[in-house]
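Reader: Pick one part of this and walk me through it closely, please. I'd like the cut-offs along with it.

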Amino acid sequence: MGAEPREVLRAVYGYDAFRPRQEEIIRRVVGGEHALVVMPTGGGKSLCYQLPALLREGTGLVISPLISLMQDQVSALKQLGIRAAFLNSSLTRENRRAVRQQLRNGALDLLYVAPERVTTGAFQSLIDRAEPALVAIDEVHCMSQWGHDFRPDYLRIAALCDRLPGVPFVAATATADTETQRDLLSLLQFSDDSLFVTGFDRPNIRYTVTRKRKGKQQLLRFIRENHHGEAGIVYCHTRKKVDSTAAFLTDEGIRAVPYHAGLSDEERETHQSRFLREDGLVVVATVAFGMGIDKPDVRFVAHLDLPKSLEAYYQETGRAGRDGLPSNAWMAYRYGDVVRMRQLLARDTENLSPAEEAHHWKQQHKLNAMLGYCETTACRRQVLLNYFGDDAPDACGNCDTCLNPVETWDGTVAAQKVLSCIARTGQRFGAGHVTDVLLGGDTEKVRRFGHDQLSTYGIGEELGRSGWKSVIRQLVAANYLTVDMAGYGALKLTSACKPVLKGEETVELRKEPKRSRSKTSTRKKTAPDLPDTPEAEALFERLRTKRSALADEQNVPPYVIFPDRTLIDMVRQRPQTRREFADLHGVGKVKLERYADEFLPLLR
Ligand code: ADP
Ligand code: ZN
């Protein structure tokens with residue numbers, strides 16, 4: 001052995017530098033010690049076990065529940081010249097036998113295995129005979145009941161540690177809060193110094209929340225202005241909306257396919273594999289889509305409906321930009337979404353057991369946090385990171401509120417008017433009627449309930465209808481008001497109102513931005529970081545076409561041949577010789593041999 005991790009990084013992967021903490025972890029594991037690695041999606045966890053497996057004697061075993069991904073992961077490794085294989089239920093008996101033979105012969109650097117296989121007797125005796133270089137446990141949060149995706153299979157994997165003394169274990173996950181981390185350390189019997197946690201921030205993702213007017217039109221404009229020809233995911237709540245949105249985008253010339261539980265298995269599979277294999281396809285999906293989507297070049301994630309928690313939102317938006325290139329998380333929401341979500345949560349709230357009630361309140365709380373995020377006047381990244389207990393910068397400079405600071409106004413008097421109007425009308429009406437009363441509207445409902453006789457009738461002519469809606473929305477977000485769960489979205493006062501009504505507390509509200517061009521991103525090019533010239537664009541397109549052709553020939557996703565960053569690097573560096581080609585990001589020895597002659601003619 002004796003090779004330096006950094007040399008292997010350059011020679012095999014074609015990367016120049018480690019990401020934060022990678023090198024420490026790799027050195028520790030090469031030295032035979034365990035590591036629990038908690039890094040955000042795209043942080044580079046895989047390298048933390050792949051590289052030590054190359055540097056140590058024997059085969060590295062990787063336990064991963066994402067069976068549908070194994071094939072692509074293994075193809076990607078083979079492209080780098082790494083000897084990799086997988087064992088799961090999708091293989092024939094014969095293929096499995098062949099892989100076991102390779103393992104016995106020491107012909108594998110890495111072997112990916114499904115969790116249920118690891119605990120079979122046959123597999124155990126196999127690894128007892130050939131000592132593994134290391135064992136990596138991916139998605140290790142599945143082992144903890146504190147995590148959000150507990151799998152009993154995983155508990156049995158912990159027992160492997162006892163069976164394989166002296167073999168380092170690398171356990172990795174992107175989602176483990178402090179409780180889950182502690183639990184995992186104790187389940188795995190790792191010492192405290194084996195824990196490596198990097199921040200949760202995804203600096204390359206730009207967060208934007210906009211008010212929904214005509215959602216689909218706004219989405220279309222967002223895609224056209226920022227992501228033409230690029231891959232993205234659009235989330236909607238219902239199957240019907242998924243279908244209609246996908247059809248709408250297709251009509252407008254954007255290649256889009258639907259994905260939800262109402263489609264046949266076959267359709268879902270085709271759409272998912274097209275998303276992985278084709279350049280620039282948009283998937284419109286319910287939340288059923290995404291678990292295990294390991295596509296590095298998803299350029300945007302859009303939400304046309306409000307997610308039910310910040311956890312869900314962060315996980316879904318986290319599917320953008322794994323490759324570290326600039327990406328967008330864009331959401332359009334309106335007040336009605338909140339009312340609807342509360343109603344969904346409110347179903348069956350009678351006769352709850354105490355445990356169910358606690359769960360119910362927890363969900364309410366999560367929805368409030370989500371709403372607070374949408375209505376914040378502060379940096380969105382700050383709100384997110386604080387929510388997850390992470391340190392946050394003062395202002396990130398890469399979210400809508402940082403880029404277009406929100407103007408605020410003293411909304412104390414307006415808030416008092418709304419609150420007392422709601423109190424006077426008996427806390428039985430929704431935002432529409434309350435606004436009518438404030439504006440002195442002459443509606444059937446106003447007359448029927450005699451609300452034109454109230455002292456709050458017509459006291460709000462200084463703001464228009466949308467102005468009052470905005471005030472109400474913000475008061476809900478700030479928890480001065482709640483939306484009655486069991487019915488028609490009636491607004492009710494919370495205990496937090498008192499100081500406002502008494503004039504002891506002021507209320508700062510955000511000014512709604514004028515309908516502006518969506519300034520989500522300043523770039524309009526096909527790829528981030530590409531020089532802004534027609535020649536550069538045209539060259540990038542030619543390189544992309546070449547890449548697609550090579551990918552098709554080998555039946556692998558295009559990013560397995562080269563990530564976008566390598567193509568962008570080609571456009572910027574214009575290598576003319578093999579030696580120059582070898583310096584590109586993502587070009588190691590094997591890819592140099594395979595692809596230099598394919599791409600160099602296009603660059604000359
Ligand atoms: P994770 O498993 O943490 O989600 P991956 O290990 O898949 O992330 O890494 C995400 C992407 O970043 C991959 O394309 C990977 O090749 C790339 N990557 C990882 N480490 C580095 C590095 N040190 N330099 C450049 N790219 C890296
Ligand atoms: Zn910010």
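Author: Start where two helices touch: Ala414, Ala415, Lys417, Val418 and Leu419 of H19 meet Trp468, Val471, Ile472 and Leu475 of H22. Contact here means heavy atoms within 4.5 Å, and helices are DSSP runs of H or I with at least four residues, numbered from the N terminus. By type, that contact has eight nonpolar residues, no polar ones and one charged (nonpolar is Ala, Val, Leu, Ile, Met, Phe, Trp, Tyr, Cys and Pro; charged is Asp, Glu, Lys and Arg; the others, Gly among them, are polar).

This is a predicted model, with pLDDT of at least 70 needed for local features and 80 or more for side-chain atom pairs, while totals for chains, interfaces and linings use all residues. Side-chain values use heavy atoms, without hydrogens or water; residues count from 1 along each chain, and chains are lettered from A and ligands numbered from 1, as written.

As for geometry, the axes of H19 (412-424) and H22 (465-477) come within 10 Å and cross at roughly 85°. That makes the pair roughly perpendicular, a label for 65 to 115 degrees (under 35 is roughly parallel, over 145 roughly antiparallel, the rest oblique). Axes are lines fitted to C-alpha atoms over the stretch in contact, with angles from 0 to 180 degrees between N-to-C directions.

Then there's a salt bridge, joining the side chains of Arg473 and Glu375 at 2.7 Å, N to O (the cut-off is a Lys or Arg side-chain nitrogen within 4 Å of an Asp or Glu carboxyl oxygen).
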